[in-house]
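Open the model in your viewer and keep the sequence panel beside it. We will go from stop to stop, selecting as we go.

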Amino acid sequence: MTHEPQPQDAAGVQARSYYGRPVLKVTRWREPHLPAYLFLGGLSGASATLAAVAACTRRPRLARAARLAAAGGALGGTGFLVAELGRPERFLNMLRVAKPTSPMSMGAWLLAVHSGLVMAAAGSDVTGRLRRTGAAAGAAAALTGPVLATYPGVLLADTAVPAWHSAYRQLPFLFAGSAMAAAGASGLAATAWQRSGQDEGEPALRLALLGAAVEAAAGLHMEHRLGLAGEPYRDGDSGRLMRASHTLTLAGAGAGVVMGVASRSNQEAARRGSQGTATWWSRGTATLCAALLGGGALCTRFAVLRAGIASARDPKYVVEAQRRHPVPSADDGQGGAR
Amino acid sequence: MNADCIVIAGSNMAECHPVAFQWVTEAKRRGATVIHVDPRFTRTSALASKYVPVRAGSDIVFLGALVNHVLSGGHEFRDYVTAYTNAADMLPDEFTDTEDGGGVFSGYDPHTRTYDNSSWQPTGERDLTLTHPRCVFQVLKRHFARYTPDLVERACGIEPRDFAAIADAVVANSGRERTTAWVYAVGWTQHTTGVQHIRTAAILQLLLGNMGRPGGGILALRGHASIQGSTDIPTLFHLLPGYLPMPAADDADLNGYLTRLPDTGFWGNKRAYMVSLLKAWFGDAATTGNDFCFDRLPRITGEHGTYRTVLDMIDGKVKGYFLMGQNPAVGSAGARLQRLAMANLDWLVVRDLTLIESATFWRDGPEIATGELATEQIATEVFFLPAASHVEKDGTFTNTQRMLQWHHKALDPPGDARSELWFMYHLGKKIRARLAGSGITEDAVLDLTWDYPEVGEHADPDASAVLREINGTGPDGRALDGFAQLAADGSTACGCWIYSGCYGGGENQTARRVPWQQQSWVAPQWGWAWPANRRILYNRASADPAGKPWSEKKAYVWWDAEAGSWTGHDVPDFERSKPPGFSPEPGASGPMALGGSDPFIMMHDGKGALFVPSGLVDGPLPAHYEPAESPVGNAVYKQGASPVSELYPEHKMTRDQLAPGPSEPAGLVYPYVLTTYRLTEHHTAGGMSRTLSRLAELQPEMFCEVSPALAAARGLENGGWATIVSARAAIEARVLVTRRIRPLRLPGEGVIHQVGLPYHWGGNGLVTGDSANDLLPFALDPNVFIQESKVATCDIRPGRRPRGAALDVLVAKYRHSAGLPDLPDNRPGGGVS
Amino acid sequence: MQRPVADVVAEAGYDDPPERVGFFTDTSVCIGCKACEVACKEWNALPGDVSGDSWASGAASLSAAPPDALALTGMSYDNTGQLGADSWRHVAFIEQQVPAGHGTALALADDVAESDGTRWLMASDVCKHCTHAACLDVCPTGALVRTEFGTVIVQPDICNGCAYCVSACPFGVIDRREDDGRAWKCTMCYDRLRGGLEPACAKACPTDSIQFGPLDELRAAAAARLDELHEAGEASARLYGEDPDDGIGGAAAFFLLLDEPEVYGLPPDPVVTTRDLAAMWRWAGGAAAMLAAGTVAVFARSRV
Ligand SMILES: Nc1nc2c(c(=O)[nH]1)N[C@H]1C(S)=C(S)[C@@H](COP(=O)(O)OP(=O)(O)OC[C@H]3O[C@@H](n4cnc5c(=O)[nH]c(N)nc54)[C@H](O)[C@@H]3O)O[C@H]1N2
Ligand SMILES: Nc1nc2c(c(=O)[nH]1)N[C@H]1C(S)=C(S)[C@@H](COP(=O)(O)OP(=O)(O)OC[C@H]3O[C@@H](n4cnc5c(=O)[nH]c(N)nc54)[C@H](O)[C@@H]3O)O[C@H]1N2
Ligand code: SF4
Ligand code: SF4
Ligand code: SF4
Ligand code: SF4
Ligand code: SF4
Ligand SMILES: [Mo]
């Protein structure tokens, strides 16, 4: 038979819609700009925190590695953001006001401040100048860092996009976890390649494993506890990316565990007096672990963007959700929307 | 707005007259029932209380059945009918009806396909009891007796309960207290039986007493912004301004000519109208001595309508052609013939806003693509002259309500664009200048008054001076206040008698714009309506014979005995001081021949005509005939299609133009009914809408509308392509599958499918597409020569049409299976088979 | 964020503002003439729709060709498709077969039961000028502002094209124009309002489907019209967006609909996303604390 121009037909019976057309505008945010920005921002935020704690606990190699990752992440992230906006002055335009109701405004200020801090910390560390200031900046970045890593959860959730808005509890943890995993993994890999830096890498490894666990838990929670809005995290394009992210994270964590066992036996050997140096395979494993976890974290960001797009594009996520959970209203009989 | 029931049939009012339609929505808000009868469920149907689908071309059956319903049920407004219509007139014995004549009236000559109407003339007796078998009322009753709900179902596809609902609504909303209005436009007129559609509605409205009363009447929705104006001051071959007939070759002098109009009623003043017109045109040259230059007027020798002229062009009889605001290459039926005709001219002048298809057909028309024409071989010299649009010039529009509204120029026309007024005036001046030196003294052109004040840098004639001339002037040169002041002795001049008064008091009455809040509900101070600023014609009929309103609720004008004059909300359409009881002297002429209760003052007897003894060439009563092309036979009479429609069977290009009917041996090669129409988003042939992005984007592609059932049967997909083939051409269109088009079940005939085609597309502009008019034949109503563009037959198939010469092959294949010869072409020595 | 706002204009910081104005769009008298669409484009000099659809096109265009605005959509008489950066009014066309008894006021009383039930709904959609406007809330540059008339407009010279508003609007109204990279939507003809004129679309509407005026008056008119239709038996008539207690605090452009909102492409029960903003920040704060604490914790067991 022919396709009839019946709106009901287009979207199935239970979710009526206008020719199956989206109710919402599908986000104009693009790939890879937005996922890359979120990934790098997360890396920078968690790395800054890692760097500060590492510095406190006197792990200079780890601290430097994390400071560099934080600075690099901030720089790269800002780059992608500017690319998304089209022109650098458009980023500066955001700094003309500070608007508490706009997570993007808050985020822009946060990114600006945080970038300054981590650049100062990394710069001072590398050049060896202004050490006091550098250290103070590094310590301050430990405060901006966690927020920078988690605010994207608010940035995305504070929209009408069902898969994002409904996940406002989970997204910050998802982003926190994957930022920790990425920062830990990058710290691990960086220290593994340094002469006698390996022992400093152990907290990084643990951070990576903790992050992976949090990321996986938050991810699974979103997939299964959000009801209809969680569907895009399981199905389609975005579902596939989500699964890829899980696989990579799991594999990365596996590599990390192997790595951890190995380094433990290494340390045992060192204690018994034998030469405790990193072996080629432990460096390789660390790199692999970092790559897998980083890849997982990146996939997560792509998955989240695509899930948002899918949920905005298909009107059922708006219509069915709003029909199932009508907003309680002061005056229920009158509500035009019901 | 004051109607209790509004039946819209033969018009898509909401889409084509959205601004007027606001009053329908307003009436509905006030409780009126709105009914829409149309082959398609349209935006009008969407807002109607009830929609009823109908087979295109079958409305006379539907309306006739309503007439029958009224007559057989005794629902007529008896007092009104007896007093105000010609129901009581007696017909002669010689008159025979279609019932007896197998579908034709007495006087028919099958060889000439014409009627001699002498047997239709009333005897002069009247039977006020309306019971005599030969009185009009009884003839009417018998004539429509066979138009039953059952017939309606068989011919129109209207289900009996739908018909009953309409009949009940119309009857319930007519009479003393209530009125029903009928609204039509070209869905009724563009048929070979166009005039008789409106006749049937008129009979119904007269029987129900709905004429001349508020909320009643028959509203003809006119087309182009001033198409009403262009019939009042006509661009028609057979009329002069104010509906005076065009002199014919055998009109020897003014006196002889004037006998063509009635002596009684308001036409009785015909000499004053005509002489004043001649004075307006010829000024001092028009004198009693020279019959007011009557012999200067051109004469017609027969039919010179558009389609006849096109055939004459094909025959090489017409050498040059002015197209001023018309786009026949897209907008006229049989568009291929229109283009072939223009390709056969010596010269063609196109004045338009944009380069329309009629100006470029020689370069990129469909016949160039198929190879039928080649640019190098077209000898027509085409002049394109840019025209100023209505916002770029002063002037009036005359709208559907006969109201003249002045529009002020808002900006200068761009570049070389000039108004029509400028063009005709300066063309006239140039011609006069040439003739002036030629030694010709007795020349119609030189005798013309041709002296408007010129204003502005381009010497534009002053439009208000033209309006003043149309209004008319007295011997002192002062503007007249109305046509009552017109004189037959040459002392007054008037360019159009019905417009007299539009410049009354020396002021441009058409420019008045008093807000409605500041005047009565009839709003007499908004613009100016002809005649005499009267908003409802024949409004004397809103009062009973004694001059009292039929009801308080519907009071409109009435007799004020104390003042001794007619008065009311509107300007009474009656001589102010003629009392209701007035009875004319025997032998009186002019208005004085009409009684005080004869409201239809333009009729010779002052009565509404249920039966029309003269003036119509296709019969005194409406009878249903099938369209020229139809997939079904006539369910009422043996006679299938109209016996007198104009089909040009003698011309080689039109001889075999029609698809065979259902009874032909070839069977139905073109089994579906096609109908053409407009969309809100576009305007007519598209020159003013396909060229504008704002409009073009709203309906970007030519499409056809089909029902899901037809789509399924023919494998058409929503959004896909279809090719529509008629006996004349094949075009392609995107497909809209919609339940708004309903297949009609005709008991005895099976299911009839209709295909809807908007006719706005052509090859130029921002959005382009094939023209529906390529598909249509030259088939005309014989009274007014309007083409039957609302119905023809076609086949529809999935996919795009062939390109190039293969297109003609497809059309030829279909014609062969239908038993038709190849299409004749117009190449020198071309293959006429 | 979610409390009803008595005076959104005063709240926005205007002293002695004019009355808050809006649109009441009565779709029961809309004839789908699109005069509103055209008038809007004319007055606001909007570009022709040649840019095609955004990512949103998806299910829409039936043509095999890529979404090209100058192609038929196959969606009844709607070839505009949706509101967007270049279309600030959009007339929806919905062809329906309704069960008998549905939409009764549209049929003659005694004929209802057997009516064929073809319905063609038309509705002119526009920015709702929400009381709680998500677009305005989330805009990071302050380009979106509340005017003295209570309307919400974009200042094109300030907008940086971040497109945050695009995702925030619960009605899918505002969009970014790809060529100039800025967000655009209905301004409720701010310039005309300033000049004491009614908006172009309302002015052009022949049937008064679009009524413009002070919001209070419109709400009263809407309630009366609803009663009228209910009395006439049009049970499916309902108001949409007029309730100040709804998820967006009431729309300044609200509607009378003859079917569920989603049939017209409208969300059934939209909520301004920023209603949950505080909670969002709390959860983000929690996650941030977790991150910080976790990072400290992973160092805890090891010593140098
Ligand atoms: N937007 C817009 N408005 C216009 C115009 C335009 O092009 N665009 N053109 C103007 C002009 S020039 C004119 S003349 C008017 C015309 O105004 P209308 O006559 O209202 O316009 P159409 O669409 O040609 O035809 C009216 C309806 O007649 C129906 N119809 C066809 N055949 C039959 C029949 O046999 N019986 C019945 N009952 N109905 C039938 C068609 O389906 C169609 O819906 O509109 C004027 N207004
Ligand atoms: N199949 C089919 N055919 C039909 C009809 C139908 O319903 N179906 N309807 C018929 C009807 S009712 C009509 S009225 C005709 C219309 O058919 P046409 O009159 O041939 O078509 P339009 O496009 O209206 O042509 C008017 C032209 O005038 C130009 N114009 C506008 N203003 C001015 C001006 O001030 N001066 C000059 N010089 N030009 C100007 C416009 O640009 C436009 O090109 O079509 C008829 N043909
Ligand atoms: S286009 Fe002009 S004539 Fe036609 S409905 Fe609109 S205002 Fe009236
Ligand atoms: S409808 Fe959307 S764009 Fe309009 S004010 Fe509300 S949130 Fe903003
Ligand atoms: S795109 Fe412009 S208007 Fe929209 S949120 Fe960003 S800056 Fe504000
Ligand atoms: S109010 Fe003005 S800007 Fe808004 S839709 Fe109407 S015309 Fe367009
Ligand atoms: S809202 Fe008014 S102008 Fe717009 S389509 Fe409906 S009737 Fe026409
Ligand atoms: Mo027309």
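The tour starts with some ground rules and then moves through the chains.

**Ground rules.** This is a predicted model: local features need pLDDT of at least 70, side-chain atom pairs count only at pLDDT 80 or more, and totals for chains, interfaces and linings use all residues. Residues are numbered from 1 along each chain as its sequence is written, chains are lettered from A and ligands numbered from 1 in the order in which they are written, and side-chain values use heavy atoms, with hydrogens and water left out.

**Stop 1: chains A and C.** Select both chains. Here 85 residues of chain A are in contact with 97 residues of chain C. Contact means heavy atoms within 4.5 Å. The two chains bury about 7,600 Å² between them, 60% of it on carbon and sulfur atoms. Buried area is the accessible area (1.4 Å probe) that two parts lose on being put together, summed over both. Now pick Tyr18(A), Lys25(A) and Arg28(A). They supply 13% of the area that chain A buries against chain C, more than any other three residues.

How many salt bridges are there between chain A and chain C? The count is 5. A salt bridge is a side-chain nitrogen of Lys or Arg within 4 Å of a carboxyl oxygen of Asp or Glu. Zoom in on Glu262(C) and Arg323(A): they form a salt bridge, with the closest N and O atoms 2.8 Å apart. Next, colour helix H6 (residues 131-157) of chain A. With 8 residues, H6(A) gives the most to the side of chain A that touches chain C. Helices (H or I, at least four residues) and strands (E, at least two) are DSSP runs, numbered from the N terminus.

**Stop 2: a cis bond in chain A.** Select Glu31(A) and Pro32(A). A cis peptide bond joins them, with omega about -5°. Pro32(A) sits in the loop between helix H1 (7-11) and helix H2 (33-56) of chain A.

**Stop 3: a five-strand sheet in chain B.** Show the strands of chain B. An open sheet of 5 strands runs S3-S2-S1-S6-S7, with parallel pairing. Two strands pair if DSSP finds at least two bridges between them. Strand S3 (50-53) and strand S7 (218-220) of chain B are at the edges, each with a single partner strand, so one side of each has no neighbour in the sheet. The twist averages 20° from one strand to the next. Axes are lines fitted to C-alpha atoms, for helices over the stretch in contact, and angles run from 0 to 180 degrees between N-to-C directions.

Strand S2 (residues 33-38) of chain B is joined to S3(B) by 4 bridges. Find Val37(B): it stands opposite Val52(B) in S3(B).

**Stop 4: a three-strand sheet.** Stay in chain B. Here 3 strands form an open sheet in the order S10-S11-S12, and the pairing is parallel. Strand S11 (residues 347-352) of chain B pairs with S12(B) over 6 bridges. Select Trp347(B): its bridge partner in S12(B) is Glu381(B). Helix H17 (residues 357-364) of chain B packs on the sheet, touching S10, S11 and S12 of chain B.

**Stop 5: a last pair.** Pick Glu15(B) and Arg43(B). Their side chains meet in a salt bridge (3.0 Å, N to O). The two residues are 28 apart in the chain.
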